[in-house]
Amino acid sequence: MARVYFEEISKRFGGTHALRDLTLEVDDEEFFVLLGPSGCGKTTALRIAAGLEEPTAGAIYIGDRDVSFVPAKDRDLAMVFQNYALYPHMSVRDNVAFGLRMRGYARDEIERLVQEVTATLGIADLLDRKPGQLSGGQRQRVALGRAMVRRPQAFLMDEPLSNLDSKMRVQMRAELVRLQRDLAATFIYVTHDQVEAMTMGQRIAVLEGGKLQQVGLPQDVYDRPANRFVAEFIGSPAMNVLEGDLVVEGGHTAVRTPAGLVRVSDAASADVREQNITSLAVGIRPEHLTPEATESAAATSAAAASPAAIIEGQADLVESLGSEQHVTVVAGGWSVVANLPSSPRIERGATLRLAVAAEHVHLFDIESGERVGP
Amino acid sequence: MTAAEGVARPGSLVRSAWRMLAALPFLLPSMVLFGAFVFYPLGKAVYLGFFISNPFRTRQIYVGFDQYREVLTSSEFVSSLLVTGTFTLYTVFPAIAIGTFLAVLANQRLPGIIVFRTVFSSTIAASVAISAVLWLVLLHPSIGVLNEAVEAAGLSRVNWLQDGGWAVGEHATVFDMVAAWFIDPNWALISVSLATLWMNIGLFTVIVLAGLQTIPEELYEAARVDGAGRWQQFRHVTLPMLSPTLFFASVIGMIFAFQSFGQIQILTEGGPVDASTVMLYSIYETGFEPPFRVGAAAVQSLALFAIMLALTLAQFRMLAGRVFYR
């Protein structure tokens with residue numbers, strides 16, 4: 001196993017930039033997720049690592065070896081494709097064994113390794129079937145087996161779960177995490193699904209428009225998105241973003257949004273002043289909007305300092321998920337989604353006053369989209 | 001209530017008879033066509049084989065199976081079999097191999113590749129007559145380009161269309177003829193085969209190219225990551241995925257070979273002697289040239305039919321198991 005290092009990789013297809021100056025280090029034995037919407041360049045990055053695509057500029061290292069000009073067949077990587085790309089004319093056994101045969105392993109060694117890997121994946125009874133006779137989940141396992149059997153330097157996975165039904169996907173998610181742990185292997189996993197990224201990745205990298213937006217631990221990326229794109233892309237329901245101008249009222253800096261005033265923390269206001277920013281986008285995650293505490297409750301818990309904002313509006317849409325409810329509140333002509341406990345049940349048309357604490361307010365410069373403040 | 005429902009009620013027998021009756025008008029056009037152009041001539045050929053007749057069949061004598069026996073055991077027939085087999089060998093497999101090679105070349109994503117695809121497949125558009133005349137010039141013993149090339153390569157000139165090799169002269173037995181096959185090249189047949197090969201390459205290139213384009217790119221990518229080089233990708237991905245196409249090509253290629261006529265007529269007229277007389281040409285000579293032995297031609301036609309049927313079935317038997325259909 002080895003680390004994989006992307007050094008200032010750029011890729012152009014004709015006039016379009018698929019990747020711009022991507023520098024990333026994937027550590028040895030790490031489960032690393034490349035996350036982004038379709039067309040963001042994540043698959044291109046993976047294919048460049050695999051050697052299926054040549055970078056326009058930059059270098060790629062596996063371990064300490066520069067493989068930029070090494071053909072795919074000699075890179076000693078394994079790839080799992082979105083629709084598996086199993087050889088339809090070969091049995092499961094031959095599919096799994098193919099890479100070993102190409103590398104000239106002895107016949108009995110191949111048989112032993114194939115047995116071992118297929119037993120691990122629970123497909124040992126399917127060895128003589130053709131891919132056409134397998135279910136989606138079984139094909140997925142064969143594709144994994146084909147990758148695992150060679151003990152490659154790293155595993156490259158291109159949205160491997162996207163063709164499975166939702167139940168199977170949840171199951172395979174857990175299995176892949178366990179597999180990566182057991183193999184102590186380097187995984188680079190491409191997905192557009194933030195849930196997969198959050199649940200599986202030890203670290204995630206968010207890409208958009210061919211540019212790296214943020215790299216970090218999933219929780220850090222969620223808690224402190226580096227810019228507005230990351231903030232809105234990660235999280236479900238998506239983060240509420242309200243735009244407004246900076247004002248000073250009663251000695252406090254605040255943003256005047258259509259849904260009301262949002263107070264800016266002291267730490268953030270220092271940054272705002274320093275950068276001469278006049279208008280901001282305010283981001284609030286749905287789960288951080290809570291019904292305003294009653295007078296008595298507020299009095300007892302002095303710690304619940306005055307909220308950064310109160311948003312008042314009518315419940316327009318209530319989606320109950322059983323464990324929680326997503327309530328769309330219309331305030332000042334803007335829709336804001338709040339993630340509330342399932343009880344008490346909110347009726348459509350009810351008036352809600354939702355509070356958000358100062359530490360849960362994210363601020364972004366409207367012009368650059370970059371995060372402002374801590 | 002319609003008539004159909006009224007009739008259908010009494011029992012399933014009546015119902016199926018009624019359905020049959022309803023199917024008849026739909027089957028009728030093809031039944032008429034097949035009947036008029038396949039089954040009637042087939043029956044007529046069997047019938048004609050029992051008679052010898054004068055040129056316009058104003059008088060005919062029943063000879064029964066004697067004619068079948070006589071034609072099928074004649075040395076001309078055996079010779080035409082060997083010539084046809086050789087011709088098929090020379091034309092079908094080389095054409096498929098060359099067509100596959102060109103198709104693989106033309107299947108790459110390169111600027112201007114469409115020009116090469118067009119050139120490689122252009123022989124489809126040339127008529128048999130024109131192609132044959134073209135080759136007649138190329139193969140000309142004294143002014144032909146081919147002999148110029150042969151001479152430039154330091155070899156002696158070949159009497160392309162006039163040297164019958166093993167197919168000419170006396171051979172005591174069939175075995176002697178087969179023995180001669182290996183040492184004495186039949187240049188006339190080789191010439192005809194060269195022209196036919198050239199004509200067929202375009203078609204096979206197009207067929208194989210179409211087959212290649214149905215192979216998903218990802219399989220090659222998977223093979224590359226798995227460590228397969230160019231040749232291994234061809235051997236383990238392209239060929240098996242192409243097998244239905246190649247099988248189809250071999251069946252129609254064989255049928256084409258058995259049906260070749262125009263180029264033989266123009267280039268050699270079956271000669272010298274019978275050196276390039278394939279079965280079809282022999283049928284033509286027997287039945288449509290004096291003395292118009294229609295009965296004997298009919299017997300040969302039936303033999304050709306039987307051989308083609310048997311070979312096609314054998315191809316399905318032998319190859320079907322190795323062909324991978326998705």
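Between chain A and chain B, 10 residue pairs are in polar contact, both residues being at pLDDT 80 or more; a polar contact is a pair of N or O atoms within 3.5 Å, where within protein one must be able to donate a hydrogen and the other to accept it, and residues adjacent in sequence count only if both atoms are side-chain atoms. On chain A, helix 1 (42–50), strand 6 (77–80) and helix 2 (92–102) each supply at least two residues of the side that touches chain B; helices (H or I, at least four residues) and strands (E, at least two) are DSSP runs, numbered from the N terminus. Helix 2 of chain A gives the largest share, 4 residues.

This is a predicted model, in which local features need pLDDT of at least 70 and side-chain atom pairs count only at pLDDT 80 or more, whereas totals for chains, interfaces and linings use all residues. Residues are numbered from 1 along each chain as its sequence is written, chains are lettered from A and ligands numbered from 1 in the order in which they are written, and side-chain values use heavy atoms, with hydrogens and water left out.

In the interface, 25 residues of chain A are in contact with 18 residues of chain B, contact meaning heavy atoms within 4.5 Å. The buried area, which is the accessible area (1.4 Å probe) that two parts lose on being put together, summed over both, is about 1900 Å², with 62% from carbon and sulfur atoms. Lys73(A), His89(A) and Met102(A) supply 30% of the area that chain A buries against chain B, more than any other three residues. The rule finds 3 salt bridges across this interface, a salt bridge being a side-chain nitrogen of Lys or Arg within 4 Å of a carboxyl oxygen of Asp or Glu. Arg146(A) forms a salt bridge with Asp226(B), with the closest N and O atoms 3.9 Å apart.

Over all chains, the structure holds 21 salt bridges. Glu175(A) forms one with Arg141(A), the closest N and O atoms being 3.0 Å apart. Because Glu175(A) lies in helix 5 (residues 166–183) and Arg141(A) in helix 4 (residues 136–148) of chain A, the pair ties together parts that are 34 residues apart in sequence. Arg141(A) is buried at 12% relative accessibility, while Glu175(A) is partly exposed at 23%; buried means under 20% relative accessible area, exposed over 50%, and partly exposed in between (1.4 Å probe, protein chains only).
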